[in-house]
Amino acid sequence: MTVISKILSFFPTFILLLTGAAIVYLAYSPNIFSILAVFLSIYGLPVLVYRLHEWVYPVREGISYLLGEEYSPWWGSHQIQVIYIAIPVLEAVLRLIPGVFSCWLRLWGAKVGRDVYWTTRLEIADRSLLEIGDRVVIGHGVGIYCHIIKPRKQNLMLYVKKVKIGSNVFVGAGSNLAAGVVIGDGSYVPAATKLYPNQKVQ
């Protein structure tokens, strides 16, 4: 693991400490600045750091390896996003307000169309690698994962590829979408469907 990898592995802890400090500040001095400090520590700083990281170390689609002397941009980007997977309520709150979660994903670099309905409970592991069209319904408990990690030759092989969902698509509750999945326009994905890497649904 490289030095940058080790530093970014502490990023979620840093955000927790920073948010805790902002909450203490809010409790002792409730004003617009202390409120902004809480929101910026939870939602602003991670996006800002991610976009800077993506500019310097863009995540590339394809196969790479996590162990060794070469830095993995995916590893760094994952550490920046992982707090929202560990504490899903942070993003669930955003999904209660129509349109806000789609805007949130766009800040991370995702391509999201209009009138997308997100249920309050779902998991997106790689926000910037999602492309989704208009008028899409994402059901309860759906998981979208644009990466796969597999042990190989005393190393960890990483495969990264975008998940693409067309327009007028319904993804049923409990479905899992793996790296490289493509769902065509007007498709219906039944509940609890497991779509494997590079699988296409028309």
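Ala, Val, Leu, Ile, Met, Phe, Trp, Tyr, Cys and Pro count here as nonpolar, Asp, Glu, Lys and Arg as charged, and the others, Gly among them, as polar. The model is predicted: local features need pLDDT of at least 70, side-chain atom pairs count only at pLDDT 80 or more, and totals for chains, interfaces and linings use all residues. Residues are numbered from 1 along each chain as its sequence is written, and side-chain values use heavy atoms, with hydrogens and water left out.

Start with strand S9, residues 155–160. Helices (H or I, at least four residues) and strands (E, at least two) are DSSP runs, numbered from the N terminus. Of the 6 residues in S9, 5 are buried. Buried means under 20% relative accessible area, exposed means over 50%, and partly exposed lies in between (1.4 Å probe, protein chains only).

S9 pairs with strand S1 (residues 62–65) in the antiparallel sense, over 4 bridges. Two strands pair if DSSP finds at least two bridges between them. Tyr65 stands opposite Met157 in S9. Strand S8 (residues 147–152) also runs antiparallel to S9, joined by 6 bridges. Here Ile149 has Leu158 as its bridge partner. The hairpin of S8 and S9 has 2 residues between the strands, and Lys153 takes a positive phi near 50° there.

Next comes the loop between S9 and strand S10 (163–165), where Lys161 is found. Lys161 counts as partly exposed because its relative accessibility is 33%. Leaving aside neighbours within four places in sequence, Lys161 is in contact (heavy atoms within 4.5 Å) with Glu61, Cys146, Ala179, Gly180 and Asn198.

S2 pairs with strand S5 (residues 130–132) over 2 bridges, in the parallel sense. Lys111 stands opposite Glu131 in S5.

What of the core? A nonpolar core is a set of buried Ala, Val, Leu, Ile, Met, Phe, Trp, Tyr and Cys residues joined through side-chain atoms within 4.5 Å. The largest has 48 residues, and Trp118, Ile165 and Ile183 have the most contacts inside it. Helix H3 (residues 32–56) gives the most to this core, with 5 residues. Not counting residues up to four places away in sequence, Ile165 touches several residues, among them Leu130, Ile132, Val136, Leu177 and Ile183.

Pockets come last. On a 1 Å grid over the protein atoms alone, a pocket is an open set of points where a 1.4 Å probe fits, with protein on both sides within 12 Å along at least five of seven lines; lining residues have an atom within 4 Å of a point. Grid points are joined across faces, edges and corners, and a volume is the space filled by probe spheres set on the points.

The largest pocket holds about 250 Å³. Its lining has 18 residues, of which Ser64, Glu70, Tyr71, Ser72 and Pro73 lie nearest its centre. S1 gives the largest share of this lining, 4 residues. By class, the lining divides into 10 nonpolar, 4 polar and 4 charged residues.

The second largest pocket has a volume of about 170 Å³. Of its 14 lining residues, Pro88, Arg121, Leu122, Glu123 and Val142 lie nearest its centre. This lining has 7 nonpolar, 2 polar and 5 charged residues.
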